[in-house]
Amino acid sequence: MRITEAEVIVCSPGRNFVTLKITTDDGVSGIGDATLNGRELAVAGYLTEHIVPLLIGRDAAAIEDTWQYLYHGAYWRRGPVTMSALSAVDMALWDIKGKALGVPVHQLLGGPSREAVLVYGHANGADIEETVAAVGRYLAMGYRAVRAQTGVPGLRGVYGVGRGELYYEPAEKGLPSEERWSTEKYLNVVPELFRVLRETYGHDVHLLHDGHHRMTPIQAAWLGQRLEDSRLFWLEDATPAEHQQSFRQLRSHTTTPLAVGEIFNSVHDCSTLIAEQLIDYIRTPPARAGGITGVRKIAGFAEVYGVRTGFHGATDLSPVAMAAALQVDLAIPNFGIQEYMRHTAETDAVFPHEYTFAEGFLHPGTAAGLGVEIDEEAAARYPYERAYLPVNRLEDGTVHPW
Ligand code: CS2
Ligand code: MG
């Protein structure tokens with residue numbers, strides 16, 4: 001089965017997406033998500049100019065060899081642009097293999113290890129009261145796990161708050177907006193938020209929180225200690241993880257479970273975190289790590305150390321990325337949870353898919369391949385418009401992780 005065509009489709013049904021479609025001489029085609037929020041055309045260009053010429057004529061069935069060829073062949077390996085492009089190629093080839101064999105991809109990964117995939121939603125509000133009410137709405141929708149993010153008195157724009165009830169889209173058309181941040185003001189609020197949430201909803205629901213890379217290790221340790229009685233499912237991105245060793249300090253101070261990895265793109269970014277059991281969940285999804293082939297390397301390594309997965313699944317990962325993640329979620333033994341930020345109706349119309357939500361779980365469906373398609377005519381109705389993620393600054397103007 002030879003690759004005869006590879007097409008990069010850029011569209012913007014409410015937000016920008018980049019999709020790679022690979023077609024073979026048997027007429028079977030597969031798709032992969034290549035969206036990198038705020039840098040979409042960098043990946044589209046990498047694919048079009050440097051990857052597509054290498055794909056034509058290759059054996060579509062040789063997935064691992066293609067992965068190694070594109071990973072090592074670049075020489076300048078790793079990095080979000082390179083690995084987002086490789087991720088799209090890999091997802092598309094697994095999609096083709098599943099379709100050619102007439103089975104959903106998880107059947108090629110050892111078959112199902114569970115019936116369905118536990119997911120978490122995103123509740124947010126301008127203050128504790130609003131956020132507690134929003135969590136209640138998610139529980140009423142059947143979610144068994146909810147992430148809670150609240151506004152902070154004295155701060156205007158805060159990560160994770162105020163982008164709508166079901167959809168949280170941080171990227172904005174035009175030049176980057178600027179936000180102001182104070183970790184001290186943030187730390188005044190978060191322990192109380194989760195105390196009230198536990199008082200209101202008890203301990204039978206999973207609660208999660210995203211620190212979004214903003215605390216120093218010792219600030220994160222302080223917060224982790226004060227969240228222990230609230231028994232979070234996880235505290236995510238508590239401190240910037242480029243410096244993996246900083247998690248030794250954090251881990252030594254708190255038993256609050258830790259998750260990290262949505263901005264990683266290879267097992268090398270998290271090998272210390274996993275091997276020293278400094279984290280409980282690794283978040284690097286198929287869209288970042290080199291597709292299904294890439295995350296299998298990370299998940300297999302993590303299994304040895306008792307670290308579970310919790311793949312990133314925000315709105316800027318398309319339904320194609322979600323479908324690919326669900327195939328892996330269903331099969332691997334050390335699955336933890338799947339993030340599920342819903343997409344808008346216009347996005348879902350461009351990417352019709354099999355997966356469905358029911359009572360707190362996603363069910364990937366039985367379609368062969370990944371279980372998702374792209375409606376190219378619908379996609380053409382939504383032209384790309386450059387958009388950027390916000391830039392964050394401390395109150396004195398110093399740039400700070402967003
Ligand atoms: C967040 C994301 O979902 C999450 O955990 O970290 O919303 C993240 O901010 C976006 O994916 C960035 O594009
Ligand atoms: Mg996050």
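Let's start with two helices: α3 and α11 (residues 291-304) pack at an angle of about 100°, and their axes lie 6 Å apart. Here an axis is a line fitted to C-alpha atoms, for helices over the stretch in contact, and angles run from 0 to 180 degrees between N-to-C directions. Angles of 65 to 115 degrees count as roughly perpendicular (under 35 is roughly parallel, over 145 roughly antiparallel, the rest oblique), so α3 and α11 are roughly perpendicular to each other.

Who does the touching? On the α3 side there are Ser87, Asp90, Met91 and Trp94, and on the α11 side Gly291, Ile292, Thr293 and Arg296. Contact means heavy atoms within 4.5 Å. Sorted by class, this contact has three nonpolar, three polar and two charged residues.

A word on the background. This is a predicted model, where local features need pLDDT of at least 70 and side-chain atom pairs count only at pLDDT 80 or more, while totals for chains, interfaces and linings use all residues. Residues are numbered from 1 along each chain as its sequence is written, chains are lettered from A and ligands numbered from 1 in the order in which they are written, and side-chain values use heavy atoms, with hydrogens and water left out.

Now for the sheets. Helices (H or I, at least four residues) and strands (E, at least two) are DSSP runs, numbered from the N terminus, and two strands pair if DSSP finds at least two bridges between them. One open sheet has three strands in the order β1-β2-β3, with antiparallel pairing. Its edge strands, β1 (3-11) and β3 (29-33), each pair on one side only. On average, neighbouring strands of this sheet are turned by 20° against each other, direction ignored. Helix α3 (residues 80-101) turns up again here: it packs on the sheet and touches β1, β2 and β3. Eight bridges join β1 to β2 (residues 17-24), and Val10 has Val18 in β2 as its bridge partner.

Another open sheet of three strands runs β7-β17-β18, with mixed pairing. In it, β17 (residues 391-394) and β18 pair antiparallel over two bridges, and Arg393 stands opposite Val399 in β18.

Finally, the ligand. Ligand 1 is surrounded by 16 residues (each with a heavy atom within 4 Å), and the closest are Asn37, Tyr159, His212, Glu262 and Glu339.

| Residue | Distance to an oxygen atom of ligand 1 |
|---|---|
| Arg147 | 3.5 Å |
| Arg283 | 3.0 Å |
| Glu339 | 2.4 Å |

How values were computed. Nonpolar A, V, L, I, M, F, W, Y, C, P; charged D, E, K, R; others polar. Polar contact = N/O pair within 3.5 Å; in protein donor to acceptor, adjacent residues only side chain to side chain.
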